[in-house]
Amino acid sequence: MGDTGGRPPVSSRLRKDVFGKRTTPMPRLALYALVVCVLAVVAAVVSFVQGSWAIGVVWVLLTGLSSNMTWYYVRRGRAEKAARAAGSVTG
């Protein structure tokens with residue numbers, strides 16, 4: 001089996017909110033992808049201003065990829081939250 005590095009299982013790492021319900025950790029992958037998206041936009045602008053069109057196009061493509069990843073992780077987090085809410089209502 002895999003080495004967890006001494007970390008407790010996910011179920012014990014879940015935080016509890018004010019009402020005692022368990023909440024998941026912050027959606028880090030969505031935030032990381034958003035940061036990459038913003039940095040890629042800045043890099044694309046700098047590349048185009050300096051006249052490096054080929055590198056600028058690569059940065060624009062990376063911007064599109066990271067933007068799609070951000071939306072994917074945000075939507076996945078919302079769907080998981082909705083599924084947990086639906087499960088707790090019926091169960």
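Modeller: A residue is called buried under 20% relative accessible area, exposed over 50%, and partly exposed in between (1.4 Å probe, protein chains only). Of the 91 residues of this chain, 12% count as buried. Please note that the model is predicted: local features need pLDDT of at least 70 and side-chain atom pairs pLDDT 80 or more, while totals for chains, interfaces and linings use all residues. Residues are numbered from 1 along each chain as its sequence is written, and side-chain values use heavy atoms, with hydrogens and water left out.

Colleague: In what order do the elements of the chain run from the N terminus on?

Modeller: Helices (H or I, at least four residues) and strands (E, at least two) are DSSP runs, numbered from the N terminus. Here the order is α-β-β-α-α, with three helices and two strands in the chain.

Colleague: How many salt bridges does a search of the whole structure find?

Modeller: Side chains of opposite charge can pair when their charged atoms come close. A salt bridge requires a side-chain nitrogen of Lys or Arg within 4 Å of a carboxyl oxygen of Asp or Glu. The search of the whole structure finds one: Glu80 pairs with Arg76, their closest N and O atoms being 3.9 Å apart.

Colleague: By about how many helical turns are Glu80 and Arg76 separated?

Modeller: The two residues are four apart in helix α3 (residues 53-90), so about one helical turn separates them. Glu80 is partly exposed, at 40% relative accessibility, and Arg76 is also partly exposed, at 38%.
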